[in-house]
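Subject: Structure handover

Hello,

Here is the structure I promised to pass on. Please open it alongside this note. My findings follow below.

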Amino acid sequence: MYAQLIKTARSGITPRDEMTDQEREFQDRIDRNEKIEPKDWMPDDYRATLIRQIGQHAHSEVVGQLPEGNWITRAPTLERKAILLAKVQDEAGHGLYLYSAAETLGESRDELVRLLHEGRMKYSSIFNYPTLNWADIGAVGWLVDGAAIVNQVALQRTSYGPYSRAMVRICKEESFHARQGYHAIMQMAFGTPAQKQMAQDALNRLWFPAMMMFGPHDSDSTHSEQSMAWKIKVKSNDELRQQFVDQTIPQIEYLGLDLPEPGIKWNEERGHYDFSDPDWDEFMDVIRGNGPCNVDRLAARQKAWDDGEWVRDGLMAHAKKKAAKLAAE
Amino acid sequence: MSNEWPLWEIFIRGQHGMSHRHVGSLHAPDAEMAIKNARDVYTRRNEGVSIWAVEAAHIAASSPEEKGPLYEPSNTKVYRHPTFFDIPEEVGHM
């Protein structure tokens with residue numbers, strides 16, 4: 001999802017009789033669905049895993065602004081432009097909520113940003129795909145934010161209080177994102193044949209990258225077990241992916257668009273849609289840095305950081321000078 | 001070159017006479033910018049009509065380890081709750 005392939009800082013799951021008393025007490029609190037708060041005792045590995053997951057989630061929000069920011073100046077109407085601007089601004093806010101949550105664990109925002117820029121932390125693979133035309137912007141809101149909502153609604157129940165509260169805020173705003181995207185796609189799907197074709201093409205291209213957002217199959221997701229026991233993760237990758245597919249197919253049908261791949265079929269027995277796997281080799285390749293836009297995205301982030309340095313330093317210098325003057329009076 | 005802006009905790013009062021409530025935190029070089037940033041981050045959808053910004057370093061907090069001794073004295077005083085007292089129905093709403 002916005003956090004994929006998070007390595008739990010501990011391999012395998014610690015059996016109860018190998019836990020210290022403190023760890024056992026901690027696990028009991030989690031099992032009782034108590035929220036863990038910043039100053040509470042927590043295992044070092046719980047803290048480290050959370051920093052990785054929340055950090056990656058925050059980076060995804062921030063990098064996620066780039067593919068959409070790309071279209072702000074070329075939105076088809078002033079209204080669509082204002083809407084897209086508001087959405088992209090929300091993403092910056094979401095990044096901020098999440099960095100703040102990570103900071104309560106003792107990791108500074110500057111440090112997380114540094115790790116991102118050095119390529120030592122990741123963001124969601126989805127943002128390494130390009131937005132080629134206006135239909136892609138609609139499809140991103142509809143499918144990418146739609147997938148994000150499925151994941152983030154579940155994460156509202158995550159065990160770490162500040163992360164959970166950030167998710168509650170984010171989910172409220174995210175619903176606007178998905179709806180504005182679907183609305184934009186609706187206009188195209190019900191428009192001229194050429195517009196409808198663009199909507200179809202965007203759906204076809206973004207479908208598998210959206211599927212990948214949920215991460216590998218549970219059977220290949222070796223790090224999930226401890227994260228699930230700690231309720232850092234609440235639902236498994238496959239559960240969330242299925243939920244996303246089930247909710248999205250009727251939306252595709254309403255638009256009168258063709259299903260994006262031939263494997264999608266209603267399975268009466270399971271009560272769910274069947275669907276094909278994305279190309280997992282491609283997924284791993286994008287994660288490794290070889291997607292269509294990895295280099296551009298990181299370069300844009302680094303440039304924004306470097307270009308903003310004089311503003312950050314200047315405002316800090318001004319604040320210090322003002323405070324010194326006030327103290328002297 | 002760590003010149004990181006300090007952390008501020010943000011409190012917002014909603015429209016209906018509620019008290020200020022903690023909504024989150026942000027970084028800002030000074031109080032004025034903290035309030036401006038809080039406006040942009042935490043009140044984009046009519047969430048409030050008043051903002052307090054407090055530098056996080058200035059907040060004193062109780063420690064979770066003292067939770068027991070800190071709150072225990074009030075836990076034993078159930079008579080502080082109105083439901084402790086059975087009032088006959090004939091008396092009416094009280």
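A cavity here is a set of grid points where a 1.4 Å probe fits but cannot get out. By this rule there are four cavities of 30 Å³ or more. Please keep in mind that this is a predicted model.

**Cavities**

The second largest cavity holds about 50 Å³ of space. Its lining comes from chain A and includes Pro67(A), Ile126(A), Phe127(A), Tyr129(A) and Pro130(A). Thr131(A), Val140(A), Val144(A) and Leu206(A) also line this cavity. How many of the lining residues are nonpolar, polar and charged? Eight are nonpolar, one is polar and none is charged.

**The interface of chain B and chain A**

Next, the contact between the chains. On the chain B side, 26 residues take part. They are in contact with 25 residues of chain A. The area buried between chain B and chain A is about 2100 Å². Carbon and sulfur atoms give 48% of that area.

Seven salt bridges cross this interface. I can point you to two pairs. Asp30(B) meets Lys322(A) through their side chains, at 3.4 Å from N to O. Glu173(A) forms a salt bridge with Arg45(B), with an N to O distance of 3.4 Å.

**Salt bridges over the whole structure**

Over all chains, the structure holds 27 salt bridges. One of them lies within chain A, where the side chains of Glu118(A) and Arg114(A) come to 2.9 Å, N to O. Are these two partners buried, partly exposed or exposed? Glu118(A) has 42% relative accessibility, so this residue counts as partly exposed. Arg114(A) is at 36%, and therefore also counts as partly exposed.

**Cysteines**

Cys171(A) counts as buried because its relative accessibility is 13%. Cys293(A) is at 7%, so Cys293(A) counts as buried too.

That is the handover. Send me any questions.

Best wishes

Conventions:
Residues numbered from 1 in each chain as written. Chains lettered and ligands numbered in written order. Predicted model: local features only at pLDDT ≥ 70, side-chain atom pairs only at ≥ 80, totals over all residues. Heavy atoms only, no water. 1 Å grid on protein atoms, 1.4 Å probe; cavity = no way out; pocket = protein on both sides within 12 Å on 5 of 7 lines; lining within 4 Å. Points joined across faces, edges and corners; volume = space filled by probe spheres on them. Nonpolar A, V, L, I, M, F, W, Y, C, P; charged D, E, K, R; others polar. Buried < 20%, exposed > 50% of the residue type's maximum accessible area, 1.4 Å probe, protein only. Contact = heavy atoms within 4.5 Å. Buried area = accessible area lost by both parts, 1.4 Å probe. Salt bridge = Lys/Arg side-chain N within 4 Å of Asp/Glu carboxyl O.
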